[in-house]
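Please load the model in your viewer and keep a selection panel at hand.

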Amino acid sequence: MTLRRNRPLRGAIVGFGNVAVEGHLPAWTADRHMQLIAVCDADPARLAKAAELVPNAHAYASLDEMLQQERLDLVDVATPPVTHPEIVLQLIAKRVNVLCEKPLALHMDDCNRIRAAASAAHVVVFTAHNWKCAPIIRTARRVLRRGDIGTVSRLEIETLRTTPPGSADGATWRLDPAIAGGGILVDHGWHAFYLALSMLDAEPVAVSARTEQRKFTAAAVEDTAQCTIEFPHARADITLTWAAAARSNRVSVTADHGRMEIADRTLTVSVQEREPVETGFAQALSAGSYHPDWFATMFDDLREELYEPRVRGANFREAETCCRLLELSYRSSAAGGVRLPFREPLPPAGGGPPAAGD
């Protein structure tokens, strides 16, 4: 598909739930380079909400009908995780570029199918890795790229929540494996994976993980996970839970010349014997679940891949790595936390990621 820079990209959103309304839509409507011309959702109430919020967009209850009626450059997939691969493949078959909510897929078999189809159709498949666009994260990555604290040896990422996203009492589809495909590893784990990849800028060597159910014991998915990813010269330790007493986010980086610490809205950089430099940011990482401003910044990265062949595929490669880490983490947990080499061939996958305790 040939895209011209002198006109807005014609786009559509598939799945008009909370993340689309609160996160994606504000970015679409504020971006002069994007034109939202259609919304698709099988739920009449959600289509009515779309008609209220985006009155100029055409509403469709069927993806097939929308693809028959509309000429689209890009479709934003904001449906639950288990639906992503088949919807993405359907869009690729129509030679439409795709922006997909994370996770792109739960199994490498699906990633491989998407890669082959997108390559044959010459379209971009881009996963919404919006946490990389948080101002505090972008600043931290610049510190690492400049080498201010030297060579990193350890990265710690901690995400603490009291419930799954979008829920005050745990009543959410994220605890249903038939819809979510897994628990906190699928949700917050994917974010932690791509943050570790972008900060350490290396391919993983091995992964080990353990999952458990601390609070939502009636659910069929994990609410807590510990994951260790080994890199050639560093280690990333990831702690995730929906069973904490309070919300917070922390990222800690240890290097040979200093340390860097992110504590929600504060970035502290300590270089050897110098006084630590502390920088405050307007928004805490743990504030809210949708972050439309991060999503808007991510549009710039998406457009770069759409228009610049030299960088095309970078996001997809990152999503592939996240998918492999996800699948290996569940397999490690099912085997008691065993260390699994990252590049070892995976045995045939069955169903979705195993529920906690399987």
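The model is a predicted one, in which local features need pLDDT of at least 70 and side-chain atom pairs count only at pLDDT 80 or more, while totals for chains, interfaces and linings use all residues. Residues are numbered from 1 along each chain as its sequence is written, and side-chain values use heavy atoms, with hydrogens and water left out.

Now display V19, E101, W173, R174 and Y290, which lie nearest the centre of this second largest pocket among its 44 lining residues. Besides α1, the elements that give two or more residues to the lining are α2 (44-53) and α8. A pocket is an open set of points on a 1 Å grid over the protein atoms alone, where a 1.4 Å probe fits, with protein on both sides within 12 Å along at least five of seven lines, and lining residues have an atom within 4 Å of a point. The space in the second largest pocket is about 760 Å³, a volume being the space filled by probe spheres set on the points, which are joined across faces, edges and corners.

Next, select K132, R141, L197, S198 and D201, the residues nearest the centre of the largest pocket, which has 35 lining residues and about 960 Å³ of space. At least two lining residues come from each of α6 (135-146), α8 (184-200), α9 (292-307) and α10 (314-334).

D73 counts as buried (under 20% relative accessible area, with exposed over 50% and partly exposed in between, for a 1.4 Å probe and protein chains only), because its relative accessibility is 3%.

Move on to K102 and D187, a salt bridge with closest N and O atoms 3.3 Å apart. Both K102 and D187 are buried.

Finish at E308 and R310, where the closest N and O atoms of the salt bridge are 3.8 Å apart; R310 counts as exposed because its relative accessibility is 66%.

Terms used. Helix = DSSP H or I, 4+ residues; strand = E, 2+ residues; numbered from the N terminus. Salt bridge = Lys/Arg side-chain N within 4 Å of Asp/Glu carboxyl O.
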